[in-house]
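Here are some comments for a colleague who is meeting this structure for the first time. Please keep the model open while reading, and look up each residue as it is named.

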Amino acid sequence: MQQPVSDQVLQEMKTYYQERAREYDQWFYRQGRYDQGPVLNARWRAEVDEVFAVLAAFQLSGDALELAPGTGIWTECLLRTAATVTAVDASVEMIEINRAKLASERVTYVQADLFSWRPAHSYDAVIFCFWISHVPLERLDAFLSSVAAMLSPGGKVFFVDGRREPSSTAINQSLPEQDSQVMTRILNDGRTFEIVKNFYDPADLMARCARADLDVIVRETATYLLYGQGVRH
């Protein structure tokens, strides 16, 4: 039985992503401590491209909401199909990087805690990339219900995150134990932080989405990624 995540860990995770903002893209582009060699790097890039293609084909249009947009890697993709994007992140540092990278008048930024923030109106689409693994198990059902409430009936939802794969993280980091929700992360300067890191089972995630009034299909790429796409009933 996994222990619930403390408020202290949630606050530490928020601080970690504030401090990690300038380093974040090194992970996604497999640079520095995240370079796993040409074979694994190429496999990662191919699977990321696979999910990019799924997202493009899914055509998230209209007014879209992006939760935890980070440095803008997925925001940039979303802007190709959505009319507007509301990007909500707890980290001012991440928002600043995203805004500078995209420089788009179609993106509205909101700095807020995703566990408590609620929008003033519903959206045509909601997307969250590499966020659901940071949602504690005991908060997952409530989070998915909040996502459904953020969507207009028939609105689309898309998410992507990582599978449990040791080569998905830095060479000097280890994934959490199977029965733990908490992982120790290391910054380039050596500072360590405890964060939430869960690896959800696709079938269980689909069942939880269904209970939250979301008709979602969850799939996996060969090694690294889990992604879901669907609609609100």
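This is a predicted model: local features need pLDDT of at least 70, side-chain atom pairs count only at pLDDT 80 or more; totals for chains, interfaces and linings use all residues.

1. Which residues does Trp 74 contact, once its neighbours within four places in sequence are left aside? The list consists of Phe 28, Val 51, Phe 52, Leu 55, Glu 66, Cys 129, Phe 130 and Val 160.

2. Ala 68, although it is not a glycine, has a positive phi of about 55°, and it lies in the loop between β1 (63-67) and α4 (73-78). Ala 103, also not a glycine, has a positive phi of about 45°, and its place is the loop between α5 (92-102) and β3 (107-111). Are these alanines buried or exposed? Ala 68 counts as buried because its relative accessibility is 18%, under the cut-off of 20%, whereas Ala 103 is exposed, with a relative accessible area of 65%.

3. How many disulfides does a search of the whole structure find? The search finds 0. Cys 129 is in no disulfide, since the nearest cysteine sulfur, that of Cys 77, is 8.2 Å away, and a disulfide needs two cysteine sulfur atoms within 2.5 Å. For Cys 209, the closest cysteine sulfur is in Cys 129, at 14 Å, which is too far for a bond. Cys 129 is buried, with a relative accessible area of 5%, and Cys 209 is buried as well, with a relative accessible area of 1%.

4. Asp 89 belongs to strand β2, residues 84-89. This residue is buried yet has no salt bridge, and the nearest side chain of opposite charge, Lys 14, is 9.5 Å away. What the side chain of Asp 89 does reach is the backbone nitrogen of Ser 91, at 2.9 Å. Not counting residues up to four places away in sequence, Asp 89 touches Ala 68, Pro 69, Gly 70, Met 94, Ile 95, Val 110, Gln 111 and Ala 112. One of these, Ala 68, is the alanine with the positive phi of about 55°.

Terms used. Residues are numbered from 1 along each chain as its sequence is written. Side-chain values use heavy atoms; hydrogens and water are left out. Contact means heavy atoms within 4.5 Å. Helices (H or I, at least four residues) and strands (E, at least two) are DSSP runs, numbered from the N terminus. Buried means under 20% relative accessible area, exposed over 50%, partly exposed in between (1.4 Å probe, protein chains only). Lys and Arg count as positive and Asp and Glu as negative; His and the chain ends are not counted. A salt bridge is a side-chain nitrogen of Lys or Arg within 4 Å of a carboxyl oxygen of Asp or Glu. A polar contact is a pair of N or O atoms within 3.5 Å; within protein, one must be able to donate a hydrogen and the other to accept it, and residues adjacent in sequence count only if both atoms are side-chain atoms.
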